[in-house]
Amino acid sequence: MELYDLTTEFRQSNSFPFFTHDEHMNVVGHQLIAERIVKELSSISGGYDYLSEGNYHERYPTIHADGTMVYQSQTEHYYTINRLNMNNGYREELWRGVSELVHPMISNDGRYLVFTEGEQESLNTDVILYDFFKGHQVAINKKPAKGAIPCVNKSATKIAFPSWTMEHTTPSIVLYDIATGRQTQFEDGVECWRPVFSNDDRHIYYIQKETQDSHFVIKSYDVATGKKCVVLKHPYNIWDIAVSPSGKYIAYAGNKDTNWDLFIYDIEQKQSRQITHTLGDEWDPAFGISDDELWFAGVFGINDGIYHIKLKK
């Protein structure tokens, strides 16, 4: 067991680190300990940067070219969708509600916000589209259908999302045209989730169960021809996929060792490499404006939040 002597830090503290009425440490004392532990363990932390400010169940980061990150968060009484300016640290609240607000994403042109609203555990959720220019919102899943986990394409003309009904809960993938409201869909007869567009908007990547009892695999769907094919298959579940800015890589969460770690798949070389090796869970990967940086959500015991890591070539 390693011992860290904090005598110097406590003596040099500008604020008294203990309560005046008993011997327990106050917030200053706990902060001094936390800062020292971070300093001592930073060399073995895996190179993560912690972007959250506390355990507020922050997840689903999406990164934009202007240096902002959109993500979901949660307080004691509300669910929120927030935006962080990573250049100056400014945070703003974009949406608030008492119902669950998850899977937020803003279109590349900055006009549209899409997210999931409702009770996830009971599958009673809607996909909400909000137009910043018009100040108008609409649930784009056609009743009685439900929906979740929306993704806007790069040209901000279409949204893909899984959809189902309370009577038939196996989700298919719906393609929604923003201008006309028209919908088309495709299904595999088994669960389909997590659609994301390729950078040229010609394909949709998604995860699908091969059979009712099998693991999830990554498949692609050709928007023009309707052709589907398997992109990646493992003897364990795959979830939370993201396409890199160059289109060369797919990041995904994989349950390889009975917990969720992050992986990068080289589409051309057809090779995967594991990025994280922890006892916690990492998921929701998102690339930035280049292929060498990844943002993700992590849960490590009682601690959770959004992290950033630079990828090694």
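**An exposed loop residue**

Mentor: Leu-279 is exposed, because its relative accessible area is 89%, where exposed means over 50%, buried under 20% and partly exposed in between, with a 1.4 Å probe and protein chains only. This is a predicted model in which local features need pLDDT of at least 70 and side-chain atom pairs count only at pLDDT 80 or more, while totals for chains, interfaces and linings use all residues. Residues are numbered from 1 along each chain as its sequence is written, and side-chain values use heavy atoms, with hydrogens and water left out.

Trainee: Where is the place of Leu-279 in the chain?

Mentor: Helices (H or I, at least four residues) and strands (E, at least two) are DSSP runs, numbered from the N terminus. With elements named in that way, Leu-279 has its place in the loop between strand S22 (271-274) and strand S23 (281-287).

Trainee: Which radius of gyration does the chain have, and why does it agree with a compact globule?

Mentor: The radius of gyration is taken over C-alpha atoms, and the globule rule is 2.2 Å times the number of residues to the power 0.38. For 313 residues a compact globule would have a value near 20 Å, so the chain agrees with its own value of 21 Å.

Trainee: What does the C-alpha trace span along its principal axes?

Mentor: The span is given along the principal axes of the C-alpha trace of the chain. It comes to about 70 × 45 × 35 Å.

Trainee: Is Asp-240 buried or exposed?

Mentor: Asp-240 lies in strand S19, which covers residues 238-243, and its phi is near 55°, a positive value in a residue other than glycine. Because its relative accessible area is 1%, Asp-240 is buried.

Trainee: What is the relative accessible area of Ile-149?

Mentor: Ile-149 is found in the loop between S10 and strand S11 (151-152), and its phi is near 50°, a positive value in a residue other than glycine. Ile-149 counts as buried because its relative accessible area is 10%.

Trainee: Which peptide bond is cis, with omega near 10°?

Mentor: Look at the loop between strand S9 (136-139) and strand S10 (146-147), where Pro-144 is found. The cis bond with omega near 10° runs from Lys-143 to Pro-144.

Trainee: Which residues of the largest nonpolar core touch the most other members?

Mentor: A nonpolar core is a set of buried Ala, Val, Leu, Ile, Met, Phe, Trp, Tyr and Cys residues joined through side-chain atoms within 4.5 Å. The largest such core has 43 residues. Those that touch the most other members are Leu-129, Ile-159, Tyr-205, Ile-218, Ile-241, Ile-250 and Tyr-252.

Trainee: Which residues does a second, separate core include?

Mentor: This second core is separate and has 16 residues. It includes Ala-242, Trp-260, Trp-283 and Ile-309.

Trainee: How many Å apart are the mean positions of the positive and negative charges?

Mentor: Lys and Arg count as positive and Asp and Glu as negative, whereas His and the chain ends are not counted, and the place of a charge is taken as NZ of Lys, CZ of Arg, CG of Asp or CD of Glu. For the 29 positive and 43 negative charges of the chain, the mean positions are apart by 8 Å.
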